[in-house]
Amino acid sequence: MAAEIGSGTGRDDIDDIEVDAFVQAMARRHGYDFSGYAPSSLKRRVLQVAQALDAAHVGELTARVLRDDALVPQVIARLSVPVSEMFRNPAVFRKLRDEVFPVLASYPQINIWQAGCAHGQEVYSLAILLKEAGLYERCQIYATDFSDEALARAQEGIFPIREARLYSENYLAAGGRHTLSHYYHARYDFMKLDARLKERVTFANHNLVCDGVFCEAQLILCRNVLIYFSDALQDRVLGLFRDSLARGGFLCLGNRESIRFAPSARGFVPLDAELRLYRNAGRHREYAAAPAGGRGRLLGRWAGGAASAAGGLSGPLPVPMVLVCHSGSEDMRLFCELLAGRSGLPVREAEERQAPQPGQVYVAPSGYHLLVEHDRRFALSVDPRVAFSRPSIDVLFESAAEAWRARLLAVLLTGANADGAHGCLRVRRLGGRVIVQEPGTAQVPTMPAAALELAGADHCLPLSDIPPCWKPYANDQAGRPAASQDPGGR
C-alpha cells in the first residue's frame with residue numbers, strides 16, 4: 001500500500017530526457033512516431049531495448065538508431081508487444097461465433113481487419129472458427145502490424161509446441177467443434193498450423209499511429225493495443241476504426257480497454273460491454289461479500305492478509321489502495337468479493353485511464369501489468385511477465401514511484417518469488433517509504449526476504465504490526481490525492 005507522505009525533491013530526470021530524445025529521433029529520422037504512447041509503458045520498453053541491444057543507456061541507443069538504419073527493424077520489433085495466445089479470452093471468441101458470425105453470414109463478401117496482429121495467434125484463431133462456421137471462403141482477413149518482423153513470424157504460422165495445451169483448452173472453451181490438433185502438424189518442439197488457414201489472409205504493414213483507413217470491414221479486431229496509447233491517440237485510432245467499419249459492423253477490443261474517454265467512440269454501441277464488443281457506432285465492477293470454498297479459501301487468506309495490513313480497512317480509508325495478488329486465477333472477482341466482505345469498502349478491478357480515488361480499493365486485473373502514469377491515472381499492459389508474474393509488483397511499484405516520489409508508501413507481504421524487490425528499491429531511491437513483512441512471520445518468506453536483501457526497508461514488521469505503522473502516513477494525507485499498494489504474493 002502507498003500513501004503520499006511528502007513533497008519529494010531532487011528528481012533524477014535523465015532517463016525521461018533520454019527517452020524523449022529517442023522518441024524524437026525515431027520520428028524525425030525513421031518516421032516512427034511513439035509520442036502518443038502511454039509514457040510509463042513506453043519508458044519501460046525503451047529501457048529494455050537499450051539493455052537487450054547492449055547500449056549502456058538510452059542516449060547511446062538513440063545515437064545508434066540515428067546512424068544505423070539496419071538496427072531499426074530490431075528496435076521496432078522489440079518495442080512492439082507481440083504477447084498473445086490462440087483464442088485468448090475464449091468467451092470473446094465464443095461471443096463472436098454465436099452472435100457476430102450469424103450477422104456476417106448475411107454478407108456475400110466479408111472483410112475482417114485484424115489490427116495489431118503481432119505473431120498471428122488471433123488471426124489463426126479467427127480463421128479456424130470461420131472455417132467451422134462455413135464462412136471462411138467468403139472472407140478476406142487483413143492482418144496488419146507496424147513491425148515487419150512480427151508480420152514475418154505471423155506468416156510462418158509456427159508456434160512452440162509447449163503452447164499447444166493452453167491453445168487447445170482455449171479452443172474448446174471458445175466452442176471449437178473438433179480438437180485443435182486437427183489444424184496443426186507437430187514436429188520437434190514446434191507446431192505448424194495448416195497452410196489452408198492462410199488462404200484468405202493478407203498480411204500487411206500498417207501503422208495505427210499515422211496511417212489511414214485500411215479497408216471497409218464488417219469486423220475489426222484490435223485487442224490489447226489501445227492500452228499502450230495516450231487518450232489523444234486512442235481517440236484517433238477509434239476514429240479510424242469508425243471510418244473503416246461498414247454500417248452495422250463490429251469492433252472487438254481487449255477485455256481491459258475502455259472507450260469512454262474517446263469522443264470518437266460516441267458512435268459505437270455495446271453488443272457486450274464487458275467483453276468490449278461494439279457495433280458500429282467499460283464498466284468497473286463493485287463487489288459485495290460472497291461465500292467462498294475451494295479456491296476461495298486460498299484467496300481468502302490473501303484477502304485476509306491484505307485487510308490485516310491495511311488495519312482491517314475499517315472505517316473511512318483516507319487514501320486509495322491498490323493491490324497486486326499473485327493468485328494464479330484468471331478471474332479476480334472472488335478475491336474482490338472476499339476483500340469487500342472483510343473491509344466494508346468498495347473493491348474493484350483497476351481500469352485503464354482510471355484515476356484512483358481516496359476511500360477506494362483497486363485490484364490489478366489478472367493477466368495485465370498495472371502501472372501508474374505521471375498524471376496518476378492507471379495504465380494496463382500485456383508486456384512479458386516480470387519475475388514470472390503478470391501482474392507484477394515491480395511494474396506497479398516502479399511506475400507508482402515515478403508518479404508519487406516521496407509521497408509513496410509501499411508494503412510488501414508474503415510471496416514465493418522475488419517480484420517486488422526491484423520495485424521496493426525504486427521506491428526508496430525516489431524518496432518513498434517501504435514496509436516489508438518480517439520474513440519469519442510470512443507464510444512464504446521468499447518475496448520479503450528478496451526485497452530486504454536488495455532494497456532494505458524503512459520498517460520490517462510482522463503482519464500484525466504493519467497497520468499501526470502505516471496508518472499515520474495515510475491519515476496525514478486525508479483529503480489529498482494518494483495511492484496505496486498492498487501486493488500479496490502467492
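1. Ile 112 of strand β1 (residues 110-115) sits opposite Leu 219 in strand β7. The two strands, β1 and β7 (residues 217-222), run parallel and are joined by three bridges. Strands here are DSSP runs of E with at least two residues, and helices are runs of H or I with at least four, numbered from the N terminus. Two strands pair if DSSP finds at least two bridges between them.

2. This is a predicted model: local features need pLDDT of at least 70, side-chain atom pairs count only at pLDDT 80 or more, and totals for chains, interfaces and linings use all residues. Residues are numbered from 1 along each chain as its sequence is written, and side-chain values use heavy atoms, without hydrogens and water.

3. β1 also pairs with strand β2 (residues 139-145), in the parallel sense, over six bridges. Trp 113 stands opposite Tyr 142 in β2. Between β1 and β2 the chain passes through helix α6 (residues 121-132), and this β-α-β crossover is right-handed; that is, with the strands pointing away from the viewer, the path from the first strand over the helix to the second runs clockwise.

4. Why is β1 largely enclosed by the rest of the structure? Because six of its six residues are buried (under 20% relative accessible area, 1.4 Å probe, protein chains only). In a regular strand the side chains alternate between the two faces of the sheet. Both faces of β1 are covered, with Ile 110, Ile 112 and Gln 114 buried on one side and Asn 111, Trp 113 and Ala 115 buried on the other.

Note on methods:
Buried means under 20% relative accessible area, exposed over 50%, partly exposed in between (1.4 Å probe, protein chains only).
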